[in-house]
Each structure stands twice: as C-alpha cells, then as structure tokens.
Amino acid sequence: MGFRITFIKHLFAFSIGFLFTISVAYSQCAGSDNTVTVCDKHDDIANRTFDLFANLNGLPAVGGVWSTTDAANFFALDTNTGIVDLWRINNYGVHEFTYTNNDCGESATVTINLGGYAGEDNIDGSANACSENLAVNLFGFLGSAIDGKIPDFNGVWAEVVPTGFLTNNLFNALLAGPGEYTFTYTVPDVDICAGEQSTVILEIHPAADSGQPIDLVVCTNEDLSSFTNLDLTTLLVDEDPNGTWSEGGTNQIDNLTDSVINVEEINTNFGYGTYTFTYSVFPSHPVCSIQFTEIEIIILPVLEGNLTAPNYCLGEPYDVTITYDQSILPDDEYEIAYTINSSNGINNATTTVELNNGTGTFTISPDAVPINEFVELDIVGITDPDPEEFVCPTINVPQALFLVSDPMATSTTICPDTEATIQLDNILDIAGNLSNETYDIDYTITNPDNSTTDLIVQNIDFSNGSATFNIPSINFDTDGNYNIAFEVTGSFLIDCMLSTTIEVLPIPEAIDLDIVVDNNCDATAIDVLVNAPALSDGSYTIDYEVIEQNSMAVLTDNTINFTGGFAEYEIDISTLADGNYAVNLTSTQDDTTPCRTVFDFELQENFSIGGTPEVIEAAPEQFFCLNDGNPTLENISVSASGTLSFFETNTDDVPLPLTTPLVDGEDYFILSTNPDNNCVSSSRIRVQVAFVTADVPTINNAMPILCGSDNLTLADLDVNSTNGGSIIWYSSASGGTLIDSNQTLVDGQSYFAVEQLNGFCESDMRLEVIPTVINPQSPDLSTTELSLCGLDNPTVNELIDLENAIDAEVEWFITGEGGEVLSSSELLIDDTTYYAQSYDPETGCINPNRIPVTVDLNNCDPDAYDFFIPDGFSPNSDGRNDTFFIPNIETIFPDFTLEIFNRYGNSLFKGDADNPAWDGSEGGRNTAPNGVYFYVIEFNREGFEPKQGRLYLSQ
C-alpha cells in the first residue's frame, strides 16, 4: 500500500488580510519606519514578492540597500530591491528589515508581524512510520500540495495521549512500538492573526526482524556428516518466519523457500573459507526497510601432514621439515608450538615458520636434544599471527622420533701398497645403543685422482660401539690422500658422514743411473753417470759388466764406489772387436728412508762396434680420415725392420709416445733402432700428415616426391657433397651393401648417402633419403568400346562416364601419345579411338599407359529419332527442298545404299553415305521431268529389310 498524508487546518481566528499601523517619521532619503501585519501569508501568491520599499513611510529615495538581523530570513530577502519572499520565512512572529541609504547616511525599518501556519491535517492513514526508527520527524507529515507552502518551524508538538517518547518534533518509534498515535502541532496568535493547529494521526508499523545470527565454525578436516542437511534457520534467533534465503557461490540454495545446505559438500567442493548465507525479511509495510541477517559458515584451515626429523650428527643444525596438505592450509607465516620429550626436553616452545607450497622448515633447540637418546617431537599448536585469520586448533601431524649421534672413523699414515687399519667408534645398534653386534661395512675409497672404488668387508664384530678392520694394500698403490666413506650395514641409520682420510707417503728416490754411448752403431766411448743427491754420505757400490751378445761371454767385470751425490765413470771398450755388445749395471741401495721399496736394480744398454745404421722408408705425405677416429703416431705407415721412434723436429732427442695424437699439417721425423745394438737409422725421414673429414651429404628435401614415369635413379637425386667429394649409396644406416647410383628409385625405400673423400674417407653419419615415387593407378573403364548415337551430339563427358573410381584423376586424349587434353564438352567423332590417361592431381605425375576406347556413333534407333523418307522434292534451285534427301540416314544407317528409278525401270541415281542426296538429274545430266519416280533403299543393318517406295518430282 502507498502512503497518504492529509493536512487539516484549524483556524482560531478570522482571517484579516493586511492591517497597517502608521507611525509618523521625519526621515529624509531612507523614509521612515513602518509596521505591517500579514496573516495567512500563503493565501496570496503576491506574498512571494512582498515589496518592503513600498511599505516605508515618508519619501524614501531609491539606491539604498536592505538588510535583516535574522539569519533565517537572509535567503528570502533581495537586498537590492527590497523584495522579500514571505513563503520562505517559516517562523511566525516579528521580523524586521532595515533600509539604509548611504547617500544621506540614514536608515528606516519595516517590521512585519507574520501570522503562523501549522500545515494541513494528516488523519487519513497516510502518516506511517516504522518501529525501527529512533526518531520519526513529525514535520514530514505536515505541509501542503502547493509547492513552497510549508508549516512554520517554531510551533509546538504535543501528544494527545502522552507516551513520553516525543521530543520536540521527533517521536521515538522504536521505544513506542507498533500502534496508532495522535499528535497536534500548534502555532500561537500573532498580533491580530489567530493561531492555528494541525493534527497528525501516525501509524507505527512493526519493523521486519531477520534475527540474530549464530555463525557455524568447523574445521575442514573434521567429520561434517552431521551437517549434510543443516537447516540455516537453526542458526538464527528471534527472526520473523516469513523470510527467504540467498547466497552466492556454493549453489546450495535452490530456491527462495530452500533453507537446507550441505556443509560437507561445500567443504568438498570449495575447501576452507567463509561462506555467507543471507536471510531476508520483507516488512509488512513498505515504510519499513527490508532486513537482512548474514550467517557465516566458517570452515577453518587445518595443519595436517607429516613431520620429518631425521637422525642428526652432533653439532649439525637440527632442522625439522613439515610437509602439509596445502589444500587445507593456505601458504602463510605461522607460529608453531612444539614439545620435545627427552631427558633435556622442553614444553610448548614456539617458533615462526614460513609454510609455502606444502612444506616448511624450523630449527629446534640443540639444548633439548641429548646425544644417543631417542627424542620425541610433537607439534602441539599452530597460530596465524594475523588476527583476521584463524586456524583450527586441531593438529593432525604425527610425532617424529629421532636421535643425535657422533659416529667416528680414524686411521694412520701408511706407505704405498700397505694395508690401512680403520678404527670405528660410536656405532649404534638398531635400538640406538652403542653396538655389540656384527656388521658388514660398505666403504668407498676416493683416490687422489678423484676416481672411486666401492668395497665391502663382512662380519666385523663391534664392542661397545667400536671395531677395527683393515683395507687391503692393493687399494693404496700411489702416494697421496685417500678419502674413505663408510656405511655400517644394519646399524642405526643416521645421516652423518662417517669418513676418514688416509695419507699414503711417497716412495723415496732411488739412485739414478745412466749409460751414455757415444755411438750405438760404432761405439768408441761409454760413460756411467750416477745421480744420487738424496743418499746420505757413505760408501755405495755399483758393479758393471760388458757382455758379447753372440756368446754371452762376460768380457769386462768391474766395481764403482761413490759416496753420494753426482759421479761419472768411463768404461774401457778400446780393445773390443767388431760386434754386438751389452753393458749391465747392478746396484744395491740401503738406507733408512720411510717407505723405501726398491733396494736392488739393474740397467742394460746395447751397442755395436762396426755396426750398420737401420734403413727406413715412408710416404712423405699421408692422409688420415678423422671419421675413423683420432689418429696417433702408431697410424703413420712406415717400412722399417727396427723399433720406430717419432720426433717433433729433426733435432729433438726425446721421442714422442706412440699414443701421441697426430696434428693436421704437422711434420713428424722418424728413426728406426735395431733392438740388438741400439743402432739407429743414419737420418730421420720426414712425414707430413693431413686430415680429411667427410661430412654428411646435404639435400634440400630428404623425402622427395617423384613421378614413377620419369624412371629416376639415385644419381638423379639432388644430393650435395660439402667438401666436393663423391656420393656413394648404402642400403642401411650403418654397414649394409653398396648400391649402384644408376639403380631406379623404389617408392618408400630408404637409401643412405655417404660423402667419400680421397677414395677412402667416408662420413660416419649417413643421409637417409626416402623417396615417394608416385605411380598413379591405371584408368579403370567399364568398357573399351562405346556405341552412341551421333544425333545426340555426344561429348567427351560420355567417356568420363565410363570411368570407375580410382585413387587418381583421368584425362582424355585423341592420340596414343602426346596431344592436348580434351575438354569435357568436346563433341565425339565417329569411328575414332580415344585414350584415357590417369594422373595424380597433387603432383601432376602421370601413368604413361593410356587405355584406348573405340567410339561408334551409329547406334541410333530410327523410331527414337523420327526417321522418315520424304515423298517428293522440287529441284528448282529456290533454296528449299531442292534435293531428295533422307534426314539422318547416313548417321542411323551409315552403310545404306539408295537407288532411284524412273517408271521405265531405268536407274537415274545411286547414293550412299558419301553421296546421300539426289538433285533430280538423270545420271548427272538434265533434270528429270516432273512425275513419279521409284526408290530402293538397302539399309544394310541387321534387323532392317530393304525398302521400296515412290516419290514425286515437281519443279
């Protein structure tokens, strides 16, 4: 229903228009004071432009200004013209306006006694308010339908039946409650103007009540099966029963009457969060507002996951890792409370943890963790530092069990090829106690060159956590530091590096002896050089022998004594005859240097007196294929009987190792040495090496599409050699057999191309080429002989109709080879052979075998083509019917004959397909006279008998 407000005015005195009380004044240019009384100001529209200047006494001069001391009247007054809008003065009583003329410095005042206006009665039920309002403004129910006509503000409101809830013009509907209340508004008498009173009957309507909410708070991981049919009304208190429910996002509310939701389903579909459901109650009267109450279903996130606290080594940071279900706990910074149960344990220690992407780490206090004791770690609380956020107090993180230990491994310094003794201590059994059990020990040796060796020693007995064992000497063959890492299989697992370092001392230097022969092929002098600076002073002995190699007879036997340091001795060979000899040196070394291993040694040098140098031959320039690997000195081709030595230059004394890689473009110098006497070739020969590398051939398209009609071969493929070599072909990607490049390509077969350089160097990678050879299917025709009637003007389309579907397109020609493709609209020619040829529309490849089709255009049914024989003609050269001609006979009956006779039986004309029309002449001479003539037609077609008839010739 709408609102209706009716105003009723009660007049307490009669209306009297304007009453003027004239007072005498003697002002000059401003006029003099005057008092005016105005009653019922709203009854006259002229009161909206009341002229103050006209109501001055005396003789005022224009040009002055008007003013008022009442701020409420300021906007009703035009200060320049003196026009005042009395309708805008909303206070009854006395109002003064002063006119000041600055020309004479005088002022005059017009005083208006303004009668009051109490508005119109509102007693017809259109004054309505809601009980939810603390202050209902009763002025809102007074007034008039006339624009600008409003009641005065300074009247007095009163209750007809006092309630105590009215203060001035404001009524407390909330305290008064629903009901009907009557009020009066009174303005008193002003001068001779009677006072007025208006009445308002106000109906207070009950406010809608959507109730007080009871929010539901649950944890996302708890059993919510009891909330699968939760009636939201159970979460409201004191609500009106006629409301409706709404929500956004969960799709739980199906319609306005639905109030049942499934909290378990919300949790399953959307997880933790705050879900708002709104209860809306419409008031019984529209003066009251719609009331809304929001109920929050709060599903709190939960810490649920695992706690990882590994067993620690003593002194390490004791970092604990939480892995949690991030779908039920958002990433954030949390304060976590934990408890450590041990002999040094703590309760409810707190730490701040950043949980992100399902994991987080915090460090526990080392003071709470004793060595070799199992420790229980529990998370007992979690708090989000943000006061706006909440987390379920329930913690679903299992307890972590760990201990801290200090396993140790020790060893001593050893010499090469000596076994090492290992001492292990603080090894725990599976229960975490110092072990008294037997274990296998896996260990890894990291050698000085960083290579590793994995070994195992079995059945080592431990006592109170300690044991010793030896590592075999074979593992320590060179000096340096060896790092050993151990794992005691079956003992308590702990993430400690159980390791030690074994130092292997180097073997001290031995005596450095050398035999120097001036010329091994024809020796004249032999020196023995001694270099032993590391030896302490003392007397040392070196024995030497000179032996004749053929008989092995000892020709010289002598001893050299020295005292350490450097020495040089000469062996006398001046009396030796020509032949091959050997010098042997033997020595025994005895000192106290640690790790001494070599005490006895022997040195031999062969030489010749009167010998012949070795002969050596080799190609001066040799090529090597890098595709076969990196060549070394051993790959150089040399012809010699002795032992070969290679040198970087022609003058180098130190030969290169045979495993030395060759360098492209370098020269190498070669000597040959006779092993029997160390006699070398008289000169070194030079060999220059050059590398060649065959690359993989290239091709623009390794899967070319080709036409089988071109009969292409491997040689026709556009394969390129990067280095200008030749291209050879193989049957497989590696190995396989060579293929002749003139071999015709086969569809879909793989061919492998290789670049070959210098006739021997082939690329190690092969280019695979897989051609697609298009051989379109031959045309498939329903017949190769086609009989049609030429009178139908058949076209090539008739030939196209003979085609059966194939995986190719078909074109038609009039020649067996070459020629132009026939248009489908081209007319067929009788007794002509046409040829069908197939092609692939995508590549244009053709099948060169054309299929012939013979066309006969004489298959015409006379009845179907209205065949008839004319019964006359007029050979008068008028261009019409000048010959006797049987239409279409040469097409329908191509083998016909026609003979014309006169009445005497004389033959005048013989015709056929080449001469089908009679022009009326007698044997080609004069035109026959008018009259009847006779014809005989031989159709010469099976099923058609000869026909005789007559015709009439008329000129």
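Predicted model: local features only at pLDDT ≥ 70, side-chain atom pairs only at ≥ 80, totals over all residues.
**View 1. The disulfide between Cys39 and Cys193.** The sulfur atoms of Cys39 and Cys193 lie 1.7 Å apart and form a disulfide, and the link is left-handed, with -90° about the S-S bond. Cys39 sits in the loop between S3 and strand S4 (50–51), while Cys193 sits in the loop between strand S14 (179–187) and strand S15 (196–205), so the pair ties together parts that are 154 residues apart in sequence. Cys193 is buried, with a relative accessible area of 3%.

**View 2. The disulfide between Cys29 and Cys104.** A search of the whole structure finds 8 disulfides, and one of them joins Cys29 to Cys104 with an S to S distance of 1.4 Å. The link of Cys29 and Cys104 is left-handed, with -75° about the S-S bond. Since Cys29 belongs to the loop between strand S2 (18–21) and strand S3 (34–38), and Cys104 to the loop between strand S7 (93–101) and strand S8 (106–114), the pair ties together parts that are 75 residues apart in sequence. Cys29 counts as buried at 14% relative accessibility, whereas Cys104 is partly exposed, with a relative accessible area of 31%.

**View 3. The disulfide between Cys707 and Cys845.** Cys707 and Cys845 form a disulfide in which the sulfur atoms are 1.8 Å apart, and their link is left-handed, with -80° about the S-S bond. The pair links distant parts of the chain, 138 residues apart, with Cys707 in strand S56 (residues 705–707) and Cys845 in the loop between strand S66 (832–839) and strand S67 (851–856). Both Cys707 and Cys845 are buried.

**View 4. An open sheet of 4 strands.** The strands of this sheet follow the order S28-S27-S30-S32, and their pairing is antiparallel. Strand S28 (346–355) and strand S32 (400–402) are the edge strands, each of which pairs on one side only. Neighbouring strands of the sheet are turned against each other by 30° on average, direction ignored. Within the sheet, strand S27 (residues 332–341) runs antiparallel to strand S30 (residues 375–383) and is joined to that strand by 7 bridges; Ile340 stands opposite Leu377 in S30.

**View 5. The largest pocket.** About 530 Å³ of space lies in this pocket. Of the 19 residues that line the largest pocket, Asn520, Asp653, Leu671, Asn678 and Val680 are the closest to its centre. Strand S41 (512–517), strand S51 (643–647) and strand S52 (667–674) are the elements that give two or more residues to the lining, and the largest share, 4 residues, comes from S41. The lining of the largest pocket divides into 9 nonpolar, 5 polar and 5 charged residues.

**View 6. The second largest pocket.** This pocket holds about 200 Å³ of space. Of the 14 residues that line the second largest pocket, Val488, Ser491, Phe492, Ile494 and Leu498 are the closest to its centre. Strand S39 (residues 480–489) provides the largest share of this lining, 3 residues, and the lining as a whole divides into 10 nonpolar, 3 polar and 1 charged.

Definitions and conventions:
Residues numbered from 1 in each chain as written. Heavy atoms only, no water. Pairing = 2+ DSSP bridges. Axes fitted to C-alpha atoms, helices over the stretch in contact; angles between N-to-C directions. Disulfide = S-S within 2.5 Å. Buried < 20%, exposed > 50% of the residue type's maximum accessible area, 1.4 Å probe, protein only. 1 Å grid on protein atoms, 1.4 Å probe; cavity = no way out; pocket = protein on both sides within 12 Å on 5 of 7 lines; lining within 4 Å. Points joined across faces, edges and corners; volume = space filled by probe spheres on them. Nonpolar A, V, L, I, M, F, W, Y, C, P; charged D, E, K, R; others polar.
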